[in-house]
Amino acid sequence: MPKFPIDGSDRKPIGRSGEAISAIGLGSWAIRDYRRAFEAYTLALSLGIDNIDTAEMYDNGNAERFIGEVLRAVGRDKVFITTKLLPNKFRSRDSAIKAARLSLERLNVKYVDLILIHWPDNQTPIEEQARNLEAIAIEGLTRYIGVSNFTVEEFKRAQEALSRYELVVNQVKYSLLDKSIEDDMLPYAINNNILIQAYTPLERGEVLKDKLVREIADKYNKTPAQIALNFIISRPRVIAIPKAEKIEHIRELAGTMGWRLKSEDIELLEKLTK
Ligand SMILES: NC(=O)c1ccc[n+]([C@@H]2O[C@H](COP(=O)([O-])OP(=O)(O)OC[C@H]3O[C@@H](n4cnc5c(N)ncnc54)[C@H](OP(=O)(O)O)[C@@H]3O)[C@@H](O)[C@H]2O)c1
């Protein structure tokens with residue numbers, strides 16, 4: 001038996017909201033060629049990928065500006081946008097709200113769907129960071145709030161400090177070669193309706209070289225990237241947010257949905273380590 005029940009859905013729920021987003025989203029770190037990426041991202045959004053992850057720090061705000069261009073082309077309401085603010089912005093309510101407003105300006109939107117603390121700030125109590133994050137939502141600048149790179153303990157402390165909003169997401173690293181969240185964060189997320197956004201799910205290409213991944217890909221007539229990502233989205237409460245700017249990569253990412261690995265192959269892939 002696989003370690004977790006197989007989730008066959010390509011739409012994953014956001015907290016307890018009743019809303020859901022596609023099991024494959026699109027990252028936006030380290031885009032090399034924005035012109036080419038524009039074609040890729042608009043294609044992705046026409047192929048059933050409906051959420052994009054970005055951050056104020058990616059390319060000094062240029063990734064957010066680029067996503068703004070994409071939104072203008074496809075329509076703001078077609079995309080669930082996640083952005084992340086730097087930890088030091090959460091040292092006060094005012095600086096958190098100011099940073100959020102600047103992100104919205106670069107994205108050219110009135111609100112985003114989800115704002116995350118990029119990683120915990122080590123100079124501010126977790127509770128205070130969480131309340132300053134909540135202030136952004138109370139101000140109406142984001143529909144949902146969440147965190148990134150938080151441990152279960154940090155997540156719990158942050159949630160307990162909030163009065164009006166729930167943390168709906170923890171964005172963490174999760175791939176075939178790095179399954180550390182399976183020890184604690186993933187079971188906690190499954191039991192508490194928290195969505196995991198799995199970043200670096202392809203290990204920037206490293207996972208695609210693995211012999212077992214390639215063998216399974218041949219067996220299913222899929223690509224290694226599709227096998228690696230299908231494993232991730234077969235977990236309950238998990239979406240993968242790979243980054244791709246090549247058209248052929250985008251087609252592969254979209255083709256990760258609509259099917260699932262068999263349980264015996266999931267079990268084989270569970271044994272893979274770095
Ligand atoms: N919260 C955090 O602290 C944090 C940290 C890291 C990343 N992230 C987010 O997670 C996203 C994804 O992580 P990542 O960018 O680090 O790594 P990744 O998604 O594991 O790898 C991206 C690389 O994989 C390539 N690729 C994409 N699809 C492919 C396919 N079908 N076949 C072969 N290669 C493929 C891309 O190539 P092309 O670009 O050439 O298409 C790119 O070079 C980031 O963009 C960012 O939004 C968050």
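This report walks through a sheet, some helices and a few loop residues.

**Ground rules**

The structure is a predicted model, in which local features need pLDDT of at least 70 and side-chain atom pairs count only at pLDDT 80 or more, while totals for chains, interfaces and linings use all residues. Residues are numbered from 1 along each chain as its sequence is written, and side-chain values use heavy atoms, with hydrogens and water left out. Helices (H or I, at least four residues) and strands (E, at least two residues) are DSSP runs, numbered from the N terminus.

**The sheet**

Let us begin with the strands. Strands of a sheet pair through backbone hydrogen bonds, either parallel or antiparallel.

Some of the pairings can be followed residue by residue. E3 pairs with strand E4 (residues 80–85) over 3 bridges in the parallel sense, and there Asp53 stands opposite Thr82. Strand E6 (residues 142–148) runs parallel to E7 and is joined to it by 3 bridges, with Gln171 of E7 as the bridge partner of Ser148. Strand E7 (residues 167–173) is in turn joined to E8 by 5 bridges, again in parallel, and Asn170 stands opposite Ile196 in E8.

How many residues of E7 are buried? The count is 6 of its 7 residues, and E7 is mostly covered. Buried means under 20% relative accessible area, exposed means over 50%, and partly exposed lies in between (1.4 Å probe, protein chains only). In strand E8 (residues 195–199), 4 of the 5 residues are buried, so E8 is largely enclosed by the rest of the structure.

Contact means heavy atoms within 4.5 Å. H8 is mostly covered, with 10 of its 10 residues buried; among them are Ala225, Leu229 and Phe231. What covers these buried residues includes strand E1 (11–13), E8, E9, helix H7 (211–220), helix H9 (247–254) and helix H10 (263–270).

**Two helix pairs**

Next come two pairs of helices. Axes are lines fitted to C-alpha atoms, for helices over the stretch in contact, and angles run from 0 to 180 degrees between N-to-C directions.

| Helix pair | Axes come within | Crossing angle |
|---|---|---|
| H2 (residues 62–74) and H3 (residues 93–107) | 7 Å | roughly 50 degrees |
| H4 (residues 126–138) and H5 (residues 152–160) | 8 Å | roughly 55 degrees |

H2 and H3 are therefore oblique to each other. Angles under 35 degrees count as roughly parallel, over 145 as roughly antiparallel, 65 to 115 as roughly perpendicular and the rest as oblique. The contact is made by Glu64, Arg65, Ile67, Gly68 and Leu71 of H2 with Ser103, Arg106 and Leu107 of H3.

H4 and H5 are therefore oblique to each other too. Their contact brings together Ile126, Glu127 and Ala130 of H4 and Glu154, Arg157 and Ala158 of H5.

Most residues other than glycine have a negative phi, and most peptide bonds are trans. Asn193, although not a glycine, has a positive phi of about 55 degrees. Asn193 lies in the loop between helix H6 (185–191) and E8 and is partly exposed, with a relative accessible area of 22%.

Arg237 also has a positive phi, near 65 degrees. Where is Arg237 found? Arg237 sits in the loop between helix H8 (224–233) and strand E9 (238–240). With a relative accessible area of 15%, Arg237 is buried. Leaving aside neighbours within four places in sequence, the contacts of Arg237 include Asp7, Lys12, Asn193 and Leu195. The C-alpha atoms of Arg237 and Leu195 are separated by 5.0 Å, although the two residues are 42 residues apart along the chain.

Finally, Thr200 lies in the loop between E8 and H7. Thr200 is buried, with a relative accessible area of 17%, and touches Lys173, Tyr174 and Ser175, not counting residues up to four places away in sequence.

Conventions:
Pairing = 2+ DSSP bridges.
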